[in-house]
Amino acid sequence: MANLADEYGTDVEIYIKALTTTIHADTPTGAPAKLHALLEQLGLERHAYPTDAPLYIWHTVPEHLDAGEQKRLATRAIPVLLLAGYEVNCTPDVFDEPAYRQAVQDLRTRAGRPAARQQPPIGSPSPAPRPAARRKRLGGPGSRPGPPASPPETRRNP
């Protein structure tokens, strides 16, 4: 099994698995439990192989959602992950610009309220950004805190 987060050196790689319609969110080998918990809190389902001693852990968007809502859920997770300090890549075939913009706006609105500063933001159903021809790494060391004002660039995974 290929782990794109290990391959690209990112914290989260969001893409549609080849020959399927399943949206995956790969995390690197040995990713912190905090990252896995955040992905689950954002609505993604955790999987592990083998199940008795996980060597490979990944997350998927729930398949009971329609294709559009699956993409919106995955896209809405991006600003929350960035705000938490993770480096995220997302392919254009998943990225939903209106959902991204709405998620960023929701985070900004929450950040302006005192109660919101006390609780970590949780992704909520909303629309996101336009896919670009190439992917750009988002977040990580030395990056500015907070979600970006404009949508990230993306590129297709092989």
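Which residue in strand 2 does E13 stand opposite? In the predicted model described here, local features need pLDDT of at least 70 and side-chain atom pairs count only at pLDDT 80 or more, whereas totals for chains, interfaces and linings use all residues. Residues are numbered from 1 along each chain as its sequence is written, and side-chain values use heavy atoms, with hydrogens and water left out. The residue opposite E13 is D26 in strand 2, and the pairing to which these two strands belong is set out below.

The chain contains five helices and five strands, where helices (H or I, at least four residues) and strands (E, at least two) are DSSP runs numbered from the N terminus. Along the sequence these elements follow the pattern α-β-β-α-β-β-α-β-α-α. Of the 158 residues of the chain, 45% count as buried, a term that stands for under 20% relative accessible area, with exposed set at over 50% and partly exposed in between (1.4 Å probe, protein chains only). The chain exposes about 8300 Å², of which carbon and sulfur atoms supply 54%; accessible areas come from the Shrake-Rupley method with a 1.4 Å probe, and for residues only the protein chains shown count as cover. Among contacts (heavy atoms within 4.5 Å) between residues at least 6 apart in sequence, 61% join residues at least 24 apart.

The five strands form an open sheet of mixed pairing in the order 3-4-2-1-5, two strands being taken as paired if DSSP finds at least two bridges between them. Strand 3 (45-49) and strand 5 (88-90) stand at the edges with a single partner strand each, so one side of each is left without a neighbour in the sheet. Neighbouring strands are turned by 25 degrees against each other on average, direction ignored; axes are lines fitted to C-alpha atoms, for helices over the stretch in contact, and angles run from 0 to 180 degrees between N-to-C directions. Strand 1 runs antiparallel to strand 2, to which four bridges join it, and parallel to strand 5, to which it is joined by three bridges; in the latter pair, I14 stands opposite C90. Strand 2 (residues 23-26) also pairs with strand 4 (residues 56-60) in the antiparallel sense over three bridges, and there the bridge partner of H24 is T60.

Strand 1 is mostly covered, four of its five residues being buried. I16, which lies in this strand, counts as partly exposed because its relative accessibility is 24%. Leaving aside neighbours within four places in sequence, I16 is in contact with T21, T22, I23, K71, T91, D93 and V94; I16 and V94 are 78 residues apart in sequence but 6.9 Å apart in space, C-alpha to C-alpha. The hairpin of strand 1 and strand 2 has six residues between the strands, and in this loop lies L19, which has a positive phi of about 65 degrees although it is not a glycine. At 90% relative accessibility, L19 counts as exposed. In the loop between strand 3 and strand 4 is P50, joined to Y49 by a cis peptide bond with omega of about -15 degrees.

Helix 2 (residues 33-41) lies across strand 1 (12-16), strand 3 and strand 4, running at about 20 degrees to strand 4.

Helix 3 is largely enclosed by the rest of the structure, because 12 of its 17 residues are buried. Its buried residues, including I78 and L81, pack against strand 1, strand 2, helix 2, strand 5 and helix 4. The end C-alpha atoms of helix 3 are 26 Å apart, which agrees with the 24 Å that its 17 residues should span at 1.5 Å a residue, the expected span being 1.5 Å times one less than the number of residues. Helix 4, with 16 residues, reaches 23 Å from its first C-alpha to its last, close to the expected 22 Å. In helix 4 the buried residues are E97, A99, Y100, A103, V104, D106 and L107, and the buried residues of this helix pack against helix 3.
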